[in-house]
Amino acid sequence: FESEFKRLSSLDLIGQMAAGISHEIRNPMATVRGFLQLLMLDNDLEKQEHYFEIMIEELDRANSIITEFLSMGNTKTSDMEIRDLNTIIFDMTPLMEVDAVTQNKMIEVQTEDVPKLLLNHNEIRQLVMNIYRNGLEAMEEGETLLIRTYKENDSVVLAVQDQGKGISSEVMEKLGTPFFTTKDNGTGLGLGVCYAIAARHSAKIEIETGENGTTFFVKFNLGQILDESGHISE
Ligand code: ADP
Ligand code: MG
């Protein structure tokens, strides 16, 4: 079942996020300020240690929000190059494996030869990273995340399939809304960034979800495909 997100252009999305971001940064600032005031009054060492932990977590969260937000605005179309999607996936595989192994989970990569695409490779890395991290986070220990590339009709498809518990329809409706998260330490920005990146690549994101897991499909239009000499072949 397909997400509603497509109707948001990346510009709408960045605007919405800009509006939300001051709020999201002020929250951790207010928390840190509150704890600093408590620290001035309270010299119980155990409590102080707890306050420091919370303040560090809040600052880290503010930092990730800014990092993810900036990653949306800093690329130009001139950074697009003719690239092999599989090479990008292979380059990321060791990194993904480290993430998986530290959580006692597995990553499997299955690629087919696919035509090269006009891509911004930093953005595609970011998109893959946000999707596979969500997949890993959705799974229990011992489960496997499957990443595939293949050609289908007039698209090149990247599919990321997890063995998690699926996404409820309530959550599906809110997917990609900036700052929407069901995680304690989530930013709720990962999918928003993915949708913006997909839009810039004229790619579609589709989601299939059920009790056996969720698959995110990123479908790159073959209209984007250039031949070896760099000409668009339609
Ligand atoms: P975050 O990961 O920081 O929560 P995202 O924008 O990446 O933010 O994801 C938003 C929400 O979408 C998640 O909190 C989660 O509820 C849901 N979600 C995304 N991917 C998956 C998945 N593969 N399985 C289950 N839920 C998912
Ligand atoms: Mg995420």
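This is a dialogue on how to read a few features of a predicted model.

Visitor: How many helices and strands does the protein chain have, and what pattern do they follow along the sequence?

Guide: The protein chain has 6 helices and 7 strands. In sequence order the pattern is α-α-β-α-β-β-α-β-β-α-α-β-β.

Visitor: What mean pLDDT does the protein chain have?

Guide: The mean pLDDT is 85, and 82% of the residues reach 70 or more. Residues 1-7 have a pLDDT below 50, and beyond near neighbours in sequence this stretch has 14 contacts in the model. For the complex, the predictor gives an ipTM of 0.99 and a pTM of 0.76.

Visitor: Which residues are the closest to ligand 1?

Guide: The shell around ligand 1 has 21 residues, and the closest are N134, A138, T181, G186 and G190. The most come from α4, with 4 residues.

Visitor: What is the make-up of the shell around ligand 1 by class?

Guide: The shell has 12 polar, 7 nonpolar and 2 charged residues.

Visitor: How is a pair of packed helices described?

Guide: Two packed helices are described by the angle between their axes and by the distance between the axes. Here α4 and α6 pack at an angle of about 140°, with axes 9 Å apart. The crossing of α4 past α6 is left-handed. On the α4 side, the contact is made by E123, Q126, L127, N130, I131, R133 and N134. On the α6 side, the contact is made by G190, L191, V193, C194, I197, A198 and R200. N134 and G190, both in this contact, are also among the residues closest to ligand 1.

Visitor: Which classes of residue make up the contact of α4 with α6?

Guide: That contact has 7 nonpolar, 4 polar and 3 charged residues.

Visitor: Is α6 mostly covered or mostly open?

Guide: α6 is mostly covered, with 9 of its 11 residues buried. The buried ones are G190, L191, G192, V193, C194, Y195, A196, I197 and A198. In the protein chain, 28% of the 234 residues count as buried. After α6 comes S202, with a positive phi near 50°.

Visitor: Why does A198 count as buried?

Guide: The label rests on a count of C-beta atoms, with 20 or more others within 10 Å as the cut-off for buried. A198, in helix α6, counts as buried because it has 21 C-beta neighbours inside 10 Å. Leaving aside neighbours within four places in sequence, A198 is in contact with L127, A203, K204, I205 and V218. L127 is one of the α4 residues in the helix contact. From A198 to E123 the C-alpha distance is 8.9 Å, although they are 75 residues apart in sequence.

Visitor: Why is E208 only partly exposed?

Guide: E208 is partly exposed because 15 other C-beta atoms lie within 10 Å. The residue lies in strand β6 (residues 203-210). E208 and D60 are 148 residues apart along the chain, and their C-alpha atoms are separated by 32 Å.

Visitor: What share of the contacts between residues at least 6 apart in sequence joins residues at least 24 apart?

Guide: In the protein chain, the share is 72%. A198 and L127 are one such pair in contact.

How values were computed: Residues are numbered from 1 along each chain as its sequence is written. Chains are lettered from A and ligands numbered from 1 in the order in which they are written. This is a predicted model: local features need pLDDT of at least 70, side-chain atom pairs count only at pLDDT 80 or more; totals for chains, interfaces and linings use all residues. A residue is near a molecule or strand if its C-beta atom, placed from the backbone, lies within 6 Å of it. Helices (H or I, at least four residues) and strands (E, at least two) are DSSP runs, numbered from the N terminus. Ala, Val, Leu, Ile, Met, Phe, Trp, Tyr, Cys and Pro count as nonpolar, Asp, Glu, Lys and Arg as charged, and the others, Gly among them, as polar. A residue is buried if 20 or more other C-beta atoms lie within 10 Å of its own, exposed if 12 or fewer, and partly exposed in between; C-beta atoms are placed from the backbone. Two residues are in contact if their C-beta atoms, placed from the backbone, lie within 7 Å. Axes are lines fitted to C-alpha atoms, for helices over the stretch in contact, and angles run from 0 to 180 degrees between N-to-C directions. A crossing is left-handed if the near helix is turned anticlockwise from the far one by less than a right angle, and right-handed if clockwise. pLDDT is the predictor's confidence in each residue, from 0 to 100.
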